[in-house]
Amino acid sequence: MSKLDIHQLEKKANEIRQDLIKMLVEAGSGHSAGPLGMADVFTAMYFNILNHDPKKPMWGERDRLFLSNGHIVPIRYTTMAHAGYFPRSEIKTLRKLGSKLQGHPERVRIPALESTSGPLGSGLAQAAGYAYAARMDAKKFRTYCICSDGEHDAGNHWEAVLFAGKYKLSNLTAIVDRNNIQIDGQTEDIMPLEPLTEKYKAFNWNVIDIDGHNFQEIIDACEKAKAVFDRPTVIIAHVIPGKGVSFMENLPEWHGKPPNEKEAKKALHDLKILAGKIKSKHE
Amino acid sequence: MLDPKAKLSRKVFSKDIDQVPTRNGYGEGLVLAGKKNPNVVALCADLTESTRTEAFKKEFPDRFIQIGVAEQLLATVAAGMANYGKIPFISSYAAFSPGRNWEQIRTTVALNEVPVKIAGAHAGISVGPDGATHQMLEDIALMRAMPKMTVVYPGDSIEARKATLAAASYDGGVYLRFAREKTAVFTTDKSPFKIGQAEVLWQSKEPQVAIVGCGPLVHEALLAAHELEKAGTGSIVINNHTIKPMDEHTIIRAARTCGAVVTVEEHQINGGMGSAVAEVLTRNWPTPIEYIGMPNHFGESGAPDELLEKYGMKAKNIVAAAKKVIARKVKD
């Protein structure tokens with residue numbers, strides 16, 4: 001796929017956020033804040049960073065993108081639809097009977113979805129196993145894994161951090177959705193993770209902290225990871241949960257619920273005027 | 001009498017029958033599978049010698065991955081490797097894998113539809129001196145409840161070798177259950193083995209009870225059949241090594257012929273192979289059943305034979321259960 005430039009990425013991410021809101025209000029259940037917070041990272045992945053071809057989704061040399069925190073999958077579905085993996089009209093089937101867009105992602109239902117996830121803490125280990133196997137066969141593609149900050153509470157995740165460090169999986173890049181919230185509240189109240197950067201360093205990882213809403217930083221970090229040959233890289237993407245919708249930003253209560261019709265209207269208005277930065281043309 | 005088609009060991013009723021742990025058969029089968037298919041890899045959670053993964057490690061050092069004491073990691077790294085295209089065998093003690101990592105197996109192997117082969121060593125009460133923490137008695141129940149999972153419990157080391165080799169080319173996730181102690185080698189290289197196909201080992205002329213066993217206790221079932229025959233009671237003995245998918249045809253046919261069933265396993269009676277047999281028969285041919293197995297207890301330290309004796313899993317207990325179930329038969 002041809003790569004979008006920074007300006008085009010910003011525009012695309014906004015369109016994707018709008019579709020996401022429409023998708024969630026139609027589904028009537030699901031998560032809002034996490035998917036909005038990671039909209040820029042997903043847009044950057046599918047429209048600039050990943051080496052992939054939606055027309056040949058299972059192309060053997062494609063970069064692999066694992067999603068460990070499966071509950072934010074609506075943003076992946078929306079982004080994949082925009083990239084051409086399936087028709088945009090299908091996003092309204094999210095969480096409905098017979099839909100391939102399951103509430104939490106199931107690998108076998110959509111080509112190149114790569115993983116089945118939802119139970120937290122197990123995604124990085126699968127991505128690490130995948131990267132290990134690919135390296136055995138001298139494959140050139142990269143394996144990416146998006147994880148939440150909350151799932152760093154889980155032992156299985158840290159087991160994978162140990163494993164990837166031990167085996168120097170430099171073909172693996174983890175991206176942490178560092179939005180500081182989880183279902184029960186702030187991550188630092190539930191089970192403090194800081195100093196997270198130092199923790200990863202101590203486990204022999206290359207660590208890059210970025211603003212997860214700055215496309216240049218997202219792209220540069222993924223490029224820098226490719227130049228490291230003796231360690232896996234983790235990109236800690238500091239993001240604002242609910243980003244782009246003023247009344248959802250930074251509020252844990254929006255972690256696990258969708259907007260209702262009225263709230264969705266307000267959210268779409270917010271996105272269309274970029275939180276007041278531009279004059280409304282749609283009203 | 002012994003069914004000639006089963007081609008069992010000539011020493012099956014002899015005191016000097018060969019004794020080998022089933023985990024040894026796993027180790028041999030794993031090397032054979034590795035030679036046959038370069039995609040076979042082995043992962044182990046710090047129990048390489050006692051799970052008999054050592055031979056594979058020596059033969060294929062580049063295809064062996066040490067995971068450390070982390071069974072959740074064991075399952076999930078393997079799931080990733082299988083997703084890529086490898087055929088991973090993961091080895092640990094059954095109490096830890098699938099005991100500790102059941103959810104990871106459910107989500108990342110079964111639901112994810114990738115071919116990870118799970119080898120649970122040290123299953124059953126016969127683990128002995130290690131005690132209850134290490135005597136896994138609930139794994140068949142855990143694994144057979146899981147969709148898209150195959151469950152195989154070989155009866156001896158030769159069958160374990162065949163089952164391991166067969167698992168490598170069998171679709172999807174497979175759980176293989178092994179014992180710690182030496183147990184009787186009652187099959188031979190020539191004995192038939194196919195995942196999903198139960199084998200009739202003993203067939204009397206006028207059988208009154210079907211004894212359906214799995215794992216090393218199948219040998220106790222044969223000893224029991226021999227005793228019963230001497231006392232004038234005919235029986236059928238079935239090696240029901242594949243608990244899922246079960247060979248319903250063979251089980252139903254034996255139940256129809258005999259009208260009474262005894263199931264035999266080194267596992268909790270709740271949810272085990274016997275429960276699975278009951279599910280088949282209640283739907284198809286309701287038959288009285290007596291169960292040999294662990295009666296809702298944890299184990300304890302002791303010599304393997306002492307424990308089998310204490311918890312009633314010896315041939316004499318099978319004989320008693322056979323008499324009891326025959327007496328329960330519904331009279332026309």
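Student: How many residues of domain 1 of chain B are in contact with domain 2 of chain B?

Tutor: Contact here means that the C-beta atoms of two residues, placed from the backbone, lie within 7 Å. In this predicted model, 32 residues of domain 1 of chain B are in contact with 32 residues of domain 2 of chain B.

Student: Which elements supply the side of domain 1 of chain B that touches domain 2?

Tutor: Helix H7 (217-230), E12, strand E13 (261-268), helix H9 (273-284) and helix H10 (304-310) of chain B each supply at least two of its residues. By class, that side of domain 1 has 16 nonpolar, 13 polar and 3 charged residues.

Student: In what order do the strands of the open sheet in chain B stand?

Tutor: The 7 strands are ordered E3-E2-E4-E5-E7-E6-E12, and their pairing is mixed. Strand E3 (64-66) and strand E12 (242-244) of chain B are at the edges; each has a single partner strand, so one side of each lacks a neighbour in the sheet. From one strand to the next, the twist averages 20°.

Student: In which sense do strands E4 and E5 of chain B pair?

Tutor: Strand E4 (residues 87-93) and strand E5 (residues 117-121) of chain B pair in the parallel sense, over 5 bridges. Within this pair, B:Tyr93 stands opposite B:Ala121 in E5(B).

Student: Which strands does helix H3 of chain B lie across?

Tutor: Helix H3 (residues 71-84) lies across strand E2 (40-44) and E4 of chain B, and runs at about 170° to E4(B).

Note on methods. Residues numbered from 1 in each chain as written. Chains lettered and ligands numbered in written order. Predicted model: local features only at pLDDT ≥ 70, side-chain atom pairs only at ≥ 80, totals over all residues. Pairing = 2+ DSSP bridges. Helix = DSSP H or I, 4+ residues; strand = E, 2+ residues; numbered from the N terminus. Axes fitted to C-alpha atoms, helices over the stretch in contact; angles between N-to-C directions. Nonpolar A, V, L, I, M, F, W, Y, C, P; charged D, E, K, R; others polar.
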